[in-house]
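Hello,

Please take a look at the structure below. My notes follow it.

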Amino acid sequence: MLCYYINSTNKIQLIRVIKDRCLSLEKIVFPQQRILFEAMPEGQLEIYYSQGKNPKIAQTIPCQNLKVNCPTVT
């Protein structure tokens, strides 16, 4: 499914899409950047921010919550 995420912070984030403990996407997202990505409905988006040398997890969002709703054409 197609998903959408925006980094609404003023910090650079590292995002990872995880499914069944397997990494399927890893990307740097700059402040206010928007990103579209594909994920399985059971996937999880992990959002990390930098704190020193090691990134710290800030949030986990189910990919199902980020799904793009496409209107149907009639």
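K67 touches M1, L2 and C3, leaving aside residues up to four places away in sequence; contact here means heavy atoms within 4.5 Å. This is a predicted model, in which local features need pLDDT of at least 70 and side-chain atom pairs count only at pLDDT 80 or more, while totals for chains, interfaces and linings use all residues. Residues are numbered from 1 along each chain as its sequence is written, and side-chain values use heavy atoms, with hydrogens and water left out.

K67 sits in the segment after β6 (54–62). Strands are DSSP runs of E, at least two residues long, numbered from the N terminus. K67 is partly exposed, at a relative accessible area of 40%. Buried means under 20%, exposed over 50%, and partly exposed in between (1.4 Å probe, protein chains only). From K67 to A39 the C-alpha distance is 8.9 Å, across 28 residues of sequence.

Next, N7. N7 lies in the loop between β1 and β2 (13–19). N7 is buried, with a relative accessible area of 0%. Its contacts, again without residues up to four places away in sequence, are I12, Q13, V29, F30, P31, Q32 and Q33.

Now the charges. Side chains of opposite charge can pair when their charged atoms come close. The count is 2 salt bridges, each needing a side-chain nitrogen of Lys or Arg within 4 Å of a carboxyl oxygen of Asp or Glu.

R16 and E26 form one of them, at 2.5 Å, N to O. R16 is in strand β2 and E26 in strand β3 (residues 22–29), so this pair links distant parts of the chain, 10 residues apart. R16 is partly exposed at 23% relative accessibility. E26 is partly exposed too, at 43%.

E42 and K19 also form a salt bridge, with their closest N and O atoms 3.7 Å apart. E42 is in the loop between β4 (34–38) and β5 (44–51) and K19 is in strand β2, so the pair ties together parts 23 residues apart in sequence. K19 is partly exposed, with a relative accessible area of 25%.

Y4 is in strand β1 (residues 2–6). Y4 is partly exposed, at 36% relative accessible area.

Regards

Notes:
Helix = DSSP H or I, 4+ residues; strand = E, 2+ residues; numbered from the N terminus.
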